[in-house]
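The points take up a pocket, a helix pair and charged contacts in turn.

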Amino acid sequence: MRVLLTACVTTALVVSGPLAATAAGRAAQSPVGGAQLTTGPTVVAQGATPPAVHASAFLIADLDTGAVLAAKAPHARLRPASTLKTLTALVLLPRLNKTDQVVGTDQDAGIEGSKVGVYPGCKYTVDLLFQGMFLASGNDAVHALATHDQGGVPATIDRMNKLANQIGALDTHVTDPTGLDADGQLSSAYDLALFARAGLEREDFARYASTKYTNFPLVKKPGTYQVANQNHLLFTYDGALGVKTGYTTLARNTFIGAAQRGGHRIVVTMMNSPHGITEEASNLLDWAFQNYTALTPVGTLIKPITTESKAGGGPNVSKKSSTRTPLPKRSRTVLEHGQAVQSLAFRVPVWFYAAPPVLLLPLFLRRPRALKTQARRLKARRH
């Protein structure tokens, strides 16, 4: 009996040991991208001091190596404004045919915020709508594209959240694909850099991000009107690659900019800046290029777990649909290789493993009493 109880207790302790160790390991886990990439307001850099900026958070990184060269509150969760459209593009670009014709609707034209000029009843190619989304930050173009995809806007939001999780952008939560100040809509300077890096690996994303001008059709008469890219870095900075600007009342100025010089491609992301964002982004890029050889990385942009094409559901699956499926609950857990079993065990409470021995204990305690009672009955019958 004692041997059995000892075995049960030992089993419970053996099981609970790894669970406690797992919990301690998770508590001590570093922020995504490195221990120095925190939410704190202190500027982190090694080798040279970056110029001061007004942004509450920023990050500078090498797009090719992923080395983070400097950062300030890179994981602070802030409102992204229209820089979130980079994630929208990562989801929609692999899924939509560029030559598809999309007819504008009242819902497209009536959307809040910046617009490129999508009118009800007018036809636009998917390619032109992407241009309107990147250059003019057109929320109407975003709505038209998302509605054109299978499942509409709700499905696009769900895919954006899933893709953000898959590429390690764990600070990001999407509730509106346009980037407007919706409740719970958040991202970080680190995550914006992940979106830019993934996007610039795509030829179509890079082309839209660097396009300076396009033309949209007039409605009431023949002809077109010119649309200029809102990212002034393209017009003022040598080697600029784009990528995306943003502004709302609550988010203030947000920015993703990239440039190529001397064989290096550098990205800078900035959030919650009151003014002068193009000039300050230029200063940060200049600093990175000028001091590149003297800088020691303070972190890294992690590589995505899966490609965006798989996360997006594959190319060319666009279908006009009004189906609005409920959004599933999101999981922000990203498992490294070999962690799946351990993480599953971590979710099961320790008492679960101790419960079977405890429940069986009364049975073993009652068994000797039953044997004694049986012995008395046999003895009484003999007499």
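1. In this predicted model, the second largest pocket has a volume of about 220 Å³. Its lining comprises 18 residues. Those nearest the centre of the pocket are Ser-82, Gln-230, Thr-245, Gly-246 and Tyr-247.

2. Two strands, β8 (240-248) and β9 (252-261), each contribute at least two residues to the lining of this second largest pocket. The most is given by β8, which supplies five residues. Sorted by class, the lining holds 13 polar residues, four nonpolar residues and one charged residue.

3. On the α5 side, the contact is made by His-143, Ala-146 and Thr-147; on the α6 side, Gly-152, Val-153 and Thr-156 take part. By class, the residues of this contact are four polar and two nonpolar, with no charged residue.

4. Eight salt bridges are found in a search of the whole structure. One of them joins Arg-265 to Asp-64, with the closest N and O atoms 2.9 Å apart. Arg-265 belongs to strand β10 (residues 264-273), whereas Asp-64 is in the loop between β2 (57-62) and β3 (67-72), so the pair ties together parts that lie 201 residues apart in sequence.

Key: Residues are numbered from 1 along each chain as its sequence is written. This is a predicted model: local features need pLDDT of at least 70, side-chain atom pairs count only at pLDDT 80 or more; totals for chains, interfaces and linings use all residues. Side-chain values use heavy atoms; hydrogens and water are left out. On a 1 Å grid over the protein atoms alone, a cavity is a set of points where a 1.4 Å probe fits but cannot get out, and a pocket is an open set with protein on both sides within 12 Å along at least five of seven lines; lining residues have an atom within 4 Å of a point. Grid points are joined across faces, edges and corners, and a volume is the space filled by probe spheres set on the points. Helices (H or I, at least four residues) and strands (E, at least two) are DSSP runs, numbered from the N terminus. Ala, Val, Leu, Ile, Met, Phe, Trp, Tyr, Cys and Pro count as nonpolar, Asp, Glu, Lys and Arg as charged, and the others, Gly among them, as polar. Contact means heavy atoms within 4.5 Å. A salt bridge is a side-chain nitrogen of Lys or Arg within 4 Å of a carboxyl oxygen of Asp or Glu.
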